[in-house]
Amino acid sequence: MNKKQYLAMRKKLMDETQAMIDAGKAAKAEEKMKEVAALDEKWDAIAQAQANFNALNNEPEVMTPDHMEDSTDGGKDPENDLTRVWSSDEYKTAWAKTLMGKQLTADEQKTYSMVNEAFTHNTDNTSIMIPKTVTKGIWEMAAKMFPYFADVTKTYVNGVLTMIQEETSSGAAWYEESKKTEDGKETFKEFKLSGCELARAITVSWKLKEMAIEDFIPYIQRRMARKMGEAAGYGVTHGKGTENKNKPEPIGTVTALLQQEGTPQVVTYKKGTVPTYQNILETRAKINSGYSGGLKIYANSNTIWTKLASIVDTNKRPIFLGDPTGNGQIRILGMVVKEDDSMKDGEILFSNPADGYHMNINKEMTMNTEDHAKERMTDYCGYAIMDGNIVTDKAHALLVEEGAEAGSGSQTQNTAEGKA
């Protein structure tokens, strides 16, 4: 019995136990719980035996970056040793020199091989693990350009991740003592986050590769942050979903809202005009109060400065106000306004992405290289696997011009999807 089989058997027993409890069969439920306890004891014995065998075998477990954390245990744990090497300046230098086509020293080659053989399981794979600090820098830069992607909740789980999506929920009610309590009418549906391939390429001339390593690394970071961030930002706002057979993508929040039957979370205003104060209030009213805490407004620069900045309330006072704390933020009715280039002209998204959207990153970023001798150019292709979907529509509302449709084209969208 392996861990996957154990978890499946335990889940089945727990579901059966819950069914017996719901049916009022307390005695049978107690017997079933004893089966769960017996299964747990059996698995503990198996796990302990495996741990003892591994200790005797004295072979370090192959690690993936998804399950690695920094540690300061003095280097006694092989897994933590590998983590430190992946995060070290030595590996970053070896990685940069490899991309630049420079000769590695013996120590640099050892460091480079240690990380890449562990992560890719063989030396034939041409993917190169990007240093942990460089990857972090790329996503941090991307987050500044595309804040909606930065704000969504992210997990790092290999394989398919099944999530629960809330559809409807009945309100709580008070009853007289003599009346029967009605059952709730909460409805949920499952969605699976599988894996959508995100690949973006940048091209660098051989002449540029002659720059110093300390200049080359931030240059690659900035270029890759723009490319990967643009695609990831598009995915979480306007992605078409995994049903798009030509190119599976995450489901974007805007796409999900526009595809709903009857579009209950969408408010429209006349095309070519500025939204009214009443439009703002109507859109805000569609957000469930439980998601108010992290609610923000997302729009592109053109929409913010030609539409939102012009809106006034019923007393002709502007609602577009600077933050009195002096941190440079702009607020509307207390909500922070964030400039996001993944949004199309005229779209204004009210959203709590931390609670209302979930993204799973199946595979952290790697990089492939391809030289073109005739053109004296090198392509650097960043590659990652991720997927995302809204958790509930009650955390989002969209204010958009009349006639907007899910999946309609835009400059940002085309750039994100096209070949770099």
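Residues are numbered from 1 along each chain as its sequence is written, and side-chain values use heavy atoms, with hydrogens and water left out. In this predicted model, local features need pLDDT of at least 70 and side-chain atom pairs count only at pLDDT 80 or more, whereas totals for chains, interfaces and linings use all residues.

Side chains of opposite charge can pair when their charged atoms come close. A search of the whole structure finds ten salt bridges (a side-chain nitrogen of Lys or Arg within 4 Å of a carboxyl oxygen of Asp or Glu). One of them joins Asp15 and Lys11, with an N to O distance of 3.0 Å. Both residues lie in helix α1 (residues 3–22), four residues apart, which means a separation of about one helical turn; helices are DSSP runs of H or I with at least four residues, numbered from the N terminus. Asp15 is partly exposed at 41% relative accessible area, and Lys11 is exposed at 53% (buried means under 20%, exposed over 50%, partly exposed in between, with a 1.4 Å probe and protein chains only).

In helix α4 (residues 89–99), Asp89 and Lys92 are three residues apart, again about one helical turn. The closest N and O atoms of their salt bridge are 4.0 Å apart. Asp89 is exposed at 53%, while Lys92 is partly exposed at 22%.

A further salt bridge links Glu108 and Lys97, with the closest N and O atoms 2.9 Å apart. Glu108 belongs to helix α5 (residues 106–120) and Lys97 to helix α4, so the pair ties together parts eleven residues apart in sequence. Glu108 is buried at 16% relative accessibility, and Lys97 is buried at 12%.

Methods:
Helices (H or I, at least four residues) and strands (E, at least two) are DSSP runs, numbered from the N terminus.
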